[in-house]
Amino acid sequence: MNLADSEIVGSILTKAGYALIRNIDEADFILINTCAIRDNAEQRIRKRLRELRALQRQRTWVKIGILGCMAERLKTQLMEEEENVSFIVGPDAYRQLPDMLHHVNDGERMAETLLSDTETYADIEPIRYDTNGITAYISIMRGCQNYCAYCVVPYTRGRERSRNPETIVNEARSLFEKGFREVTLLGQNVNSYRWHDPAGDVGFPQLMAMVAQVNPLLRVRFATSHPKDLSDELLQVMADYDNICKCIHLPVQSGSERILKLMNRRYTPEWYLDRINAIRRYLPTCSITTDVIAGFCTETEEDHQATLDMFRRVRYDYAYMFKFSMRPNTYAEKHLQDDIPDDVKTRRLEEIIALQGEIALENNQKEVGKTFEVLVEGVSHRSDQQLFGRNSQNKVIVFDRGDIQPGQYVNVRVTRCTAATLIGELAN
Ligand code: 5AD
Ligand code: SF4
């Protein structure tokens, strides 16, 4: 999400005559795009700002700006606390950046943090930087109004709004023509994508079909789905198109019915497992990944065991696992207590991580001997004699390079694995 936003900012500023540079020592403006989802994300930014003071002593004219969710959350308070920050820009105010940089250059300090009900940056073609030239993100909607009790996003990114589907399809087509072979459609809750049109509304399943039709050689992925909205209609569309990747990220957050209710997730473990069964029914080869939070307010050992049980039942291929971090202004902060001691949170998180490690390894071991179509993304980090790519299930596969080029599709037979990677050989 933040990378996609930075690409929009890059585009707005390049159009205004600014240039992106590789080396920070040559910068006149430093823009830091930030996340506010957990406290440690914000602490990292504070540390970075301290480190940048040395650079500013050398280059006294350099101006630093904070963009994104942390800017939105703290607004001018951040400028009061961090004296080397000259400008603050919330996620819906990026179009004002060129103007702001003018004023900031003249010595002003400024903050623009108004949220919008309509801004989607639909007309802006993002600048793809730091790109492998093969995979890209397309933002299809912004904001979230699910108000999960622990989550700061509805407050930092504002109300949900969807982007005109035509502009999404055009962006996908333009990427394909430039040689890209995979797009990931992004939103906080893609299932509630909806574009109102007199000729007929476009929902997320229709949008997926439209993007899949751009070209059969263009892979389509998406993130993130809220389990409460994952429809059979979407699963059917995923089954209908070979180039829609068979991988679903379905954040569970907890396996306990009581905790899910407290989190305002609006599904029960039974409902969630029913959705998992639906995925297995429509898409037998689909991989499933998740997010989970350990140590939410009032979580008992029994609740924690229910989460471990959920992991054993679903057998995720991958999970992003977090310790609960109390965030200002959320429902949890106003009405609940962060009452699980840190060492207990850590121990529970470690138990989830250990279990997930075993499951991921076992899942991967089942892939040994199978052949997958792999989109080659680049040279392996370990050896320049090897390439890596992903299969439809989003699993990384490493193999000896031969005379294959990044961007090609190849068939690879899996010969070995670790918990994180499949290792194979060319099968064509
Ligand atoms: N503490 C810990 N994890 C959180 N997430 C969101 N808010 C918090 C929080 N306050 C996690 C959720 C979400 C992912 C993006 O970040 O698991 O799905
Ligand atoms: Fe946060 Fe919940 Fe919205 Fe995801 S769905 S961004 S966890 S409020």
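Visitor: What makes aspartate 130 exposed?

Guide: Happy to start there, keeping in mind that this is a predicted model. Aspartate 130 has a relative accessible area of 63%, and exposed means over 50%, so aspartate 130 is called exposed. This residue sits in the loop between strand E4 (110-112) and strand E5 (135-139). Its phi is positive, about 55°, although aspartate 130 is not a glycine.

Visitor: And why is asparagine 264 called partly exposed?

Guide: The relative accessible area of asparagine 264 is 29%. Buried means under 20% and exposed over 50%, with partly exposed in between, so asparagine 264 counts as partly exposed. Asparagine 264 belongs to the loop between helix H10 (257-262) and helix H11 (269-282). Here too phi is positive in a residue other than glycine, with a value near 60°.

Visitor: What makes H8 and H9 roughly parallel to each other?

Guide: H8 and helix H9 (residues 232-240) pack at about 15°, with axes 9 Å apart. The limit for roughly parallel is under 35 degrees, therefore H8 and H9 qualify. On the H8 side the contact is made by Phe204, Pro205, Gln206, Met208 and Ala209, and on the H9 side by Glu233, Leu234 and Val237. Those residues divide into six nonpolar, one polar and one charged.

Visitor: Which residues have the most contacts inside the largest nonpolar core?

Guide: They are Ile140, Leu185 and Phe204, in a core of 57 residues. Helix H8 (residues 204-212) supplies the largest share of this core, six residues. Beyond its neighbours within four places in sequence, isoleucine 140 is in contact with residues including Leu185, Phe204 and Leu207.

Visitor: Where is threonine 224 found?

Guide: Threonine 224 is in the loop between strand E11 (219-223) and H9. A cis peptide bond joins alanine 223 to threonine 224, with omega about 0°.

Methods. Residues are numbered from 1 along each chain as its sequence is written. Chains are lettered from A and ligands numbered from 1 in the order in which they are written. This is a predicted model: local features need pLDDT of at least 70, side-chain atom pairs count only at pLDDT 80 or more; totals for chains, interfaces and linings use all residues. Side-chain values use heavy atoms; hydrogens and water are left out. A nonpolar core is a set of buried Ala, Val, Leu, Ile, Met, Phe, Trp, Tyr and Cys residues joined through side-chain atoms within 4.5 Å. Buried means under 20% relative accessible area, exposed over 50%, partly exposed in between (1.4 Å probe, protein chains only). Helices (H or I, at least four residues) and strands (E, at least two) are DSSP runs, numbered from the N terminus. Contact means heavy atoms within 4.5 Å. Axes are lines fitted to C-alpha atoms, for helices over the stretch in contact, and angles run from 0 to 180 degrees between N-to-C directions. Angles under 35 degrees count as roughly parallel, over 145 as roughly antiparallel, 65 to 115 as roughly perpendicular and the rest as oblique. Ala, Val, Leu, Ile, Met, Phe, Trp, Tyr, Cys and Pro count as nonpolar, Asp, Glu, Lys and Arg as charged, and the others, Gly among them, as polar.
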